[in-house]
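Dear colleague,

I am passing on the structure we spoke about, together with some notes on it. Please have it open beside you as you read.

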Amino acid sequence: MASLTLKETLVRLRDGRLNARELCERCLARANKLSSLNMYISRTERGARQQAERADQCLHKSAGQEAKKALEGIPVAFKDNLCTRDAPTTCASRMLLDYRPPYDATMVSRMLDSGAVLVGKTNLDEFAMGSGSTDSIVGPVKNPWTLLFQKTPHRYRFRANQSGCCQLETSPKLSEDEVKVRRRGLHTSASRLSQSSTVLEPADQSGSGLQRLSFEDDSDWLVTGGSSGGSAAAVASGTALVAFGSDTGGSTRNPASYCGVVGLKPTYGLLSRHGLIPLVNSMDVPGIVTKTVEDAAIVLNTVAGHDVQDSTTVTDPYQPVQLDDRFSLEGVHIGIPKVKYSSSCCL
């Protein structure tokens with residue numbers, strides 16, 4: 001089930017092959033099982049179950065006809081710099097550790113109004129200032145691909161010391177055969193990742209509900225990129241079908257590429273920034289993370305449009321994105337520039 005796309009899941013929910021409560025429980029259980037990846041700062045289990053039950057009631061009433069809400073029963077996660085009235089919003093900072101906003105961000109309210117189920121708030125670089133999701137009050141986010149690919153084929157890797165601080169180390173140089181084997185591991189299908197029974201031991205949780213990562217016997221892992229690493233990891237691991245991040249200079253697209261999912265930075269003004277705690281007001285944009293481009297378009301069409309609470313949103317009526325089913329990448333060429341570095345250059 002964790003390998004299903006958003007579109008496939010919607011079909012199953014609407015035709016009765018799947019119910020929202022079952023889907024919610026599986027996502028919550030998987031998030032708990034994979035908690036030492038540190039994807040979530042907080043999980044909203046009680047509220048998620050209540051929302052899932054309401055979604056099932058709505059789906060039952062609309063059985064045999066078009067669902068009234070676009071994303072009824074779909075599990076969603078939000079980066080912890082998007083305000084949520086019913087959950088803490090910390091920005092991964094000690095400064096906001098106990099902050100509970102009195103309102104929902106527009107992206108949150110539009111998703112909930114569309115029937116989505118909030119499963120948790122995802123980890124990030126503190127105040128979204130970073131590109132690795134390693135600088136958080138609750139520790140770094142670890143890439144879900146770590147579970148299948150414990151040793152990185154790259155020349156450099158992050159290693160956490162006993163105090164929990166991350167540092168970049170040079171790993172032993174691999175032979176060409178070793179690199180090929182490990183690259184093949186990276187191309188393992190997402191369904192195999194979602195079905196993997198190999199997991200890391202759950203991290204301890206404090207009374208505040210914030211998850212904390214233990215580094216004792218677990219120091220070799222892959223980064224997610226950032227600063228929306230928790231959101232990308234949540235979708236890649238199958239603990240949420242949709243996740244929202246924020247993107248200033250790549251903070252949604254970067255971790256999406258690291259985790260093998262789709263990251264969309266919509267044009268500035270297309271999505272409301274109301275309730276998004278800013279890094280750079282003139283550049284910040286809520287970002288969308290999904291498994292496929294088609295899923296991203298579905299979510300974009302659900303949340304885009306003018307917001308009276310954000311004067312920078314476009315006032316023209318939103319025209320939904322329509323993807324051409326005949327679109328093909330056949331014949332498309334990708335150019336990769338050759339870059340030379342001097343022997344004295346440190347990468």
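This is a predicted model: local features need pLDDT of at least 70, side-chain atom pairs count only at pLDDT 80 or more; totals for chains, interfaces and linings use all residues.

**Strand pairing and the sheet**

Residues are numbered from 1 along each chain as its sequence is written, and side-chain values use heavy atoms, with hydrogens and water left out.

β6 and β8 run antiparallel and are joined by five bridges, two strands being counted as paired if DSSP finds at least two bridges between them. β8, residues 285-290, is also joined to β7 by three bridges, again antiparallel; in that pairing Val-262 has Thr-290 as its bridge partner, and Leu-264 has Ile-288.

These strands belong to an open sheet of six, with mixed pairing and the order β1-β3-β2-β6-β8-β7. The edges are taken by β1 (40-43) and β7 (262-264), and because each has a single partner strand, one side of each is left without a neighbour in the sheet. On average, neighbouring strands of this sheet are turned by 25 degrees against each other, direction ignored, with axes fitted as lines to C-alpha atoms (for helices over the stretch in contact) and angles running from 0 to 180 degrees between N-to-C directions.

β8 is mostly covered, six of its six residues being buried, which here stands for under 20% relative accessible area, with exposed meaning over 50% and partly exposed in between (1.4 Å probe, protein chains only). Val-285, Gly-287 and Val-289 point one way from this strand, and Pro-286, Ile-288 and Thr-290 the other way.

**Helices on the sheet**

Helix α3 (residues 45-61) lies across β1 and β3 (117-122), and runs at about 155 degrees to β3; contact is taken as heavy atoms within 4.5 Å. Helix α7 (residues 229-236) lies across β1, β2 (75-79), β3, β6 (242-247) and β8, running at about 155 degrees to β6.

**Charged pairs**

The count comes to 12 salt bridges, each being a side-chain nitrogen of Lys or Arg within 4 Å of a carboxyl oxygen of Asp or Glu. One of them is between Lys-7 and Glu-294, at 2.8 Å from N to O; since Lys-7 lies in helix α1 (residues 6-15) and Glu-294 in helix α9, the pair ties together parts that are 287 residues apart in sequence. Lys-7 is partly exposed at 40% relative accessibility, and Glu-294 is partly exposed at 34%.

Lys-121 and Asp-80 also meet in a salt bridge, at 2.8 Å from N to O. This pair links strand β3, which holds Lys-121, to the loop between β2 and α4 (106-113), which holds Asp-80, the two residues being 41 apart. Both Lys-121 and Asp-80 are buried.

**A nonpolar patch**

Where is Leu-329 placed in the chain? Leu-329 sits in the segment after α9 (293-303), and is exposed at 60% relative accessible area. Together with Phe-327, Val-332, Ile-334 and Ile-336, Leu-329 makes a nonpolar surface patch of about 660 Å².

With best regards

Terms used: Helices (H or I, at least four residues) and strands (E, at least two) are DSSP runs, numbered from the N terminus. Patches are made of residues with over 30% relative accessible area and no salt bridge: like charges are joined within 9 Å, nonpolar side chains (Val, Leu, Ile, Met, Phe, Trp, Tyr) within 5 Å. Accessible areas come from the Shrake-Rupley method with a 1.4 Å probe; for residues, only the protein chains shown count as cover.
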